[in-house]
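Open the model in your viewer and keep the selection panel at hand. The stops below go from one selection to the next.

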Amino acid sequence: MFLDTATIFIMLIGVSIILVLSMNMILLKRKTYPGFGWWTAGITVFGLSCVVLALRSILPVIFSVVLANFLFVLSGLLLLEGTRIFRGKAIRKVFIIVILVFYAIFQLYFTFIDNNIDIRITGISFLMAAIYGLTALELFFNIPPDFRFSHWITGSMFAAYSIFMLGRGIYTMLYPSAQHVAASNLLYTLTFTITMFLGIGWTIRFIILNAEKLEDELKRAQIQLQEQATTDSLTGIFNRRHFLELAEREFQRTLRYKDDLSLLMIDLDFFKKVNDHHGHAAGDKVLIGFTDICRKNLREIDIFGRLGGEEFAILLPQTSINEAKITAERLRSLVAQSDMDTGNQKLRMTISIGVASLKPEEDKLSAVLKRADDAVYEAKRNGRNQIAVAS
């Protein structure tokens, strides 16, 4: 005994109305991404096709049969192209038009010239199997790892519907039974039931896919804001505030474990002349070139920051004063021997470095910073392009 097809069809219309309202409300009230509007249009057109089909007894055949099925095909194409657009692909307007034109000709011919419902069912079943199968493929392949699970679930729903529509077409070919759409027929019962449940499923998945993309965008924005708050926008190393925060944390760890700790304060010699004679763009490239040299020659545990302008600092955990002097001299020599590419020409720069290490009696980072800063000025007074060790 079959379920009441008419009842299931009425339920399908009711569900379609709810889905249409939900998608349109989200489209109007929430942030959505390209493709979501196409999904919404696809769900809306599908709901409209159900309403037209429901009025079969009072509408002419041109509407209740031809238009209803045409809208059903159009809804599938909108979902397919919406999925492609959501994934960043181009709209295929010609593809949509060609499919719709050929289907309209097919539907009109087998409705008014050779009225054959079995061929119509077979044709639309195979066509929809192809459309929904292509939609599934869009959701199965080349998906970023973070989104694969969600896309695969959605794709599985479309794949299941594609397989069902393929089976529906084959079944109709093997067992022709031209019965009224509202008759208690297993084919229509399964079609309406599966369409209803999978339609609910992929509509919910559309909303989830959009929400996941929004969540990912928010996470990226949060990371970007965090980077902006902690790094120097020009050089990419820590800014003054974050450098001091990390340095203080390492300083407290050093005090706790009674370890070695050294600090390098670095100033680019005659940097103002670079800006004055070659422009600020050239000065920026010099700063970037300098930081690149340093980063390539520092350890992962070293903390490197820009304090402002041409002033930099490097905290060297677990490093004695002698080891710090070796590091400082290596950096000074590398910078002095490097050509700084400013675009128009290459410049040679030098740096002055102040070296200080934590003393046993010191319990504040500011004391080490002050001695390293004084040492920088001593290096400058003594002729620049050298290191000076704080007393």
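Select α7 first: with 5 residues, α7 gives the most to the lining of the second largest cavity. This is a predicted model. The volume of this second largest cavity is about 110 Å³. To find its centre, show Ile43, Phe46, Thr195, Gly199 and Trp202, the closest of the 15 residues that line it. Now colour by element: α1, α2, α3 and α7 each give two or more residues to this lining. Then colour by class. The lining of the second largest cavity has 11 nonpolar and 4 polar residues, and no charged ones.

Next stop: the largest cavity. The structure holds 2 cavities of 30 Å³ or more. The largest has a volume of about 410 Å³. Which residues are the closest to its centre? Select Leu53, Asn69, Arg168, Tyr188 and Phe192; these are the closest of the 22 residues that line the largest cavity. Then bring in the helices. At least two lining residues come from each of α1 (5–29), α2 (36–54), α3 (61–86), α5 (117–140), α6 (148–174) and α7 (186–230). Colour by class again: the lining of the largest cavity has 15 nonpolar, 4 polar and 3 charged residues.

Hold α2 and α3 on screen and hide the rest. Their axes come within 8 Å and cross at roughly 165 degrees. An angle over 145 degrees counts as roughly antiparallel, so α2 is roughly antiparallel to α3. The crossing of α2 and α3 is left-handed. Their contact divides into 18 nonpolar residues, 6 polar and 1 charged.

The axes of α3 and α4 come within 10 Å, crossing at roughly 155 degrees. That angle makes α3 roughly antiparallel to α4. What is the handedness of the crossing of α3 and α4? It is right-handed.

Show side chains for this pair.

- On α3, pick Val61, Ile62, Val65, Val66, Asn69, Phe70, Val73, Leu74, Leu77, Leu80 and Glu81, which meet α4.
- On α4, pick their partners: Phe95, Ile96, Ile99, Leu100, Tyr103, Ala104, Gln107, Leu108, Thr111 and Phe112.

By class, the contact of α3 with α4 has 17 nonpolar residues, 3 polar and 1 charged. Leave Asn69 highlighted for a moment. Asn69 meets α4 here, and Asn69 is also among the residues closest to the centre of the largest cavity.

How does the lining of the largest pocket divide by class? It has 5 nonpolar, 5 polar and 5 charged residues.

Last stop: helix α9 (residues 271–278) and helix α10 (residues 280–296). They pack at an angle of about 140 degrees, with their axes 7 Å apart. Therefore α9 and α10 are oblique to each other. For the contact, select Phe271, Val274, Asn275 and His278 on α9, then His280, Ala282, Gly283, Val286 and Leu287 on α10. The residues of this contact are 5 nonpolar and 4 polar, with no charged residue.

How values were computed: Residues numbered from 1 in each chain as written. Predicted model: local features only at pLDDT ≥ 70, side-chain atom pairs only at ≥ 80, totals over all residues. Heavy atoms only, no water. 1 Å grid on protein atoms, 1.4 Å probe; cavity = no way out; pocket = protein on both sides within 12 Å on 5 of 7 lines; lining within 4 Å. Points joined across faces, edges and corners; volume = space filled by probe spheres on them. Helix = DSSP H or I, 4+ residues; strand = E, 2+ residues; numbered from the N terminus. Nonpolar A, V, L, I, M, F, W, Y, C, P; charged D, E, K, R; others polar. Axes fitted to C-alpha atoms, helices over the stretch in contact; angles between N-to-C directions. Parallel < 35°, antiparallel > 145°, perpendicular 65-115°, else oblique. Left-handed = near helix turned anticlockwise from the far one by under 90°. Contact = heavy atoms within 4.5 Å.
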